[in-house]
Amino acid sequence: MTNPLLSDWTTPFGLPPFQQIDDAHFAPALDTALADARAELDAIARNPAAPTFANTIEALEQMGEGLDKVLSTFYPLAGTDSTPRRQELQREFAPKLAAFSSELSLNPDLFARIDTLWQQRETLGLSPEEARVLELKHRGFVRSGARLQGVDRERLREIQARLAVLGTEFTQNLLADEAGWFMPLSEDELEGLPAFLRAAAHAAGKEKGAEGPAITLSRSLIVPFLQFSPRRELRRRAYEAWTARGANGGDSDNRAIAAQMLALRHERARLLGYEDFAAYKLETEMAKTPDAVDALLRQVWEPARAQALSDAEKLEQRLHADGGNGALEAWDWRYYSEQRRVEEHDLDEETLKSYFQLDRMIQGAFDTANRLFGLEFREIDAPLYHADVRAWEVTREGQHMAVFIGDYFARSGKRSGAWCSAWRSQRKLGGDVRPLVHNVCNFAKPAPGAPALLSYDDARTLFHEFGHALHQMLSDVTFESISGTSVARDFVELPSQLFEHWLEVPEVLDTHALHAETGQPMPDALRDRLLAAQTYDMGFSTVEYLASALVDLDFHRGAPPADPMARQAKVLAALGMPHAIRMRHATPNFAHVFSGDGYASGYYSYMWSEVMDADAFRAFEEAGGPFDPQMARKLEQTILSTGGSQEPDALYTSFRGAMPGVEALLQGRGLVAG
Ligand SMILES: [Zn+2]
């Protein structure tokens, strides 16, 4: 029997032939694809001919096509339709893929060839894009330890392996602490909670085997509980349990793990020749240095703190008027802030929802992309992996550009959150290959026949992920390794966060935010209140985010702290952290930083991108409005089509003429007057 994962695909647009693929096909296909990739790697590394750009770099770019096919079919399924069998496959694949990746990055013959090319780079007659790819490949090998010898090389391997184990333990401890705690509630303790939260508390109680309703440590339960429960003592208990995750002593305590991980990261950075982990990590980011990150965060810190302190006073007055004693505490903030929000902005979630229909919002994103970039979308009838998944062919002036695949509804087996990935990335090397782009969200699925309604935040998520998709669909480069969203982490959120701004354009809301029953646009007054509410409580959210980002950065600079909790306390004291606000993620549950290396000394990235998206949208406003055609063309030419073909600051500067300051961000967050 032939394995469809190892055959040529004759499907429309080269979409994976999901109907023919069975879970049993994955493991043998992976083994065959890995064996093929190893043979290709060996042929490149041991090629008797002298290294050339074509026989080494281009050959590496084109290697492993079979592996790409298997993985780009498997991972979307594992992420959106997980089953015990697929989880088992994931556990089986991880070490095999990790082993192959170190064989590649620590192959001495291969590195020798790349290094020779790097030394000769000035005389090879490379195009700017080729030179960039050579530079990135060379840098990637050096950063993975290709230059290390003997014991250093062995030690690096040990550190990597140990860090992987510790990161997994950190995550599993968090899950254990989350699963192990719940607070049973009596019926009268549900007083003041909205209907959706009562229902969720009943469901949670049932799941935990409690007699009645309960609150668990899931973010989607605890945050609304803190917002709505008038009982201060219950809020305190819930809040303290939530913030103590990973710091409860015993087997699931993460504090010692965090200390070990910081020490190992530091050792690895030193082995590779860097001052500390932050210097190592930031070298390849847009920010480049820890000082640049620190400078940005501190410029925002003072105005955010000032706003938060003045808000805290108002909330404390509400606490006292409500009969509460003493200072406003962290478990009081959300409750009094919610009351103030309702009073000042008078927004009712249920009323708003009727205006945000999923299909209309998808149309809104498409229409915006059409007006800005001339893209057209036609729904196609392609067999995909689940009945809820839809696909569109994307064209421009009759020319095929991409296939866009949208998977919007939550279901069991789907990872939480929202994301964008490419099943196939754009490239021109070896043929004009256009991308297959996948957006995944977790919106509530309506009852049969009813329209799918979104919250405003959901609609924003839809636009956000579609912004990432545009970065893929408009990509126009030669090499896959720098295509689309293959850019620095602190630059990758620029296209997505920038696209969110179009949802706030009154014209877009008036056209697409139509009432599900009447078909009427939102009344102007409601729309204005909605837009005005977007900066509400930004002092609080900016402070809790910045505190986490500054602690993360501090942990990875200089010698690692033996006691991260003591260091965390010291950093917060020096910042003058407001009494009633705590870090968004405290160290023992800071999964961004300790589940893996991805966001270690990189939690600042969201704000770094926001500085640019606020400034970039302002460029449109200055030029003549959100649909200014020249500005749209420039955005595509300088940023959306160029992938990682240049350093991001060069790309941004060619769009805007200069790098931005923080003014637009502060105004966008309502932290200074606009
Ligand atoms: Zn994003």
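Where in the chain is the place of asparagine 439? I looked it up and found asparagine 439 in strand E7, residues 436–443, where helices (H or I, at least four residues) and strands (E, at least two) are DSSP runs numbered from the N terminus.

Before going on, I noted that this is a predicted model, in which local features need pLDDT of at least 70 and side-chain atom pairs count only at pLDDT 80 or more, while totals for chains, interfaces and linings use all residues. Residues are numbered from 1 along each chain as its sequence is written, and side-chain values use heavy atoms, with hydrogens and water left out.

**Asparagine 439.** I find asparagine 439 buried at 0% relative accessibility, buried meaning under 20% relative accessible area, exposed over 50% and partly exposed in between (1.4 Å probe, protein chains only). Its side chain reaches the backbone oxygen of glutamate 465 at 3.3 Å. Leaving aside residues up to four places away in sequence, I list among its contacts Trp419, Cys420, Glu465 and Phe466, a contact being heavy atoms within 4.5 Å.

**Zinc site.** I looked up the protein donors of the zinc ion and found His464 (NE2), His468 (NE2) and Glu493 (OE), lying 2.1 Å from it. Along the chain these donors follow the spacing H-x3-H-x24-E. Histidine 464 in helix H17 (residues 456–473) and glutamate 493 in helix H18 (residues 489–503) are 29 residues apart, a pair that links distant parts of the chain. I noted that histidine 464 and glutamate 493 are both buried. Donors here are N, O and S atoms within 2.8 Å of the metal (3.2 Å for Na, K and Ca), and sites may look incomplete because water is not among the atoms.

**Cysteines.** How many disulfides does the rule give? I count zero, taking a disulfide as a pair of cysteine sulfur atoms within 2.5 Å. The sulfur of cysteine 420 has its closest cysteine sulfur in cysteine 441, and at 9.8 Å this is too far for a bond. Cysteine 441 is itself buried, with a relative accessible area of 1%.

**Proline 660.** I placed proline 660 in the loop between helix H26 (648–656) and helix H27 (663–668). Its C-alpha atom is separated by 6.3 Å from that of aspartate 615, 45 residues apart along the chain. Beyond residues up to four places away in sequence, proline 660 touches Val611, Met612, Asp615 and Tyr652.

**Whole chain.** I end with the protein chain, which has 27 helices and seven strands, and in which buried residues make up 53% of the 674 residues.

Definitions and conventions. Polar contact = N/O pair within 3.5 Å; in protein donor to acceptor, adjacent residues only side chain to side chain.
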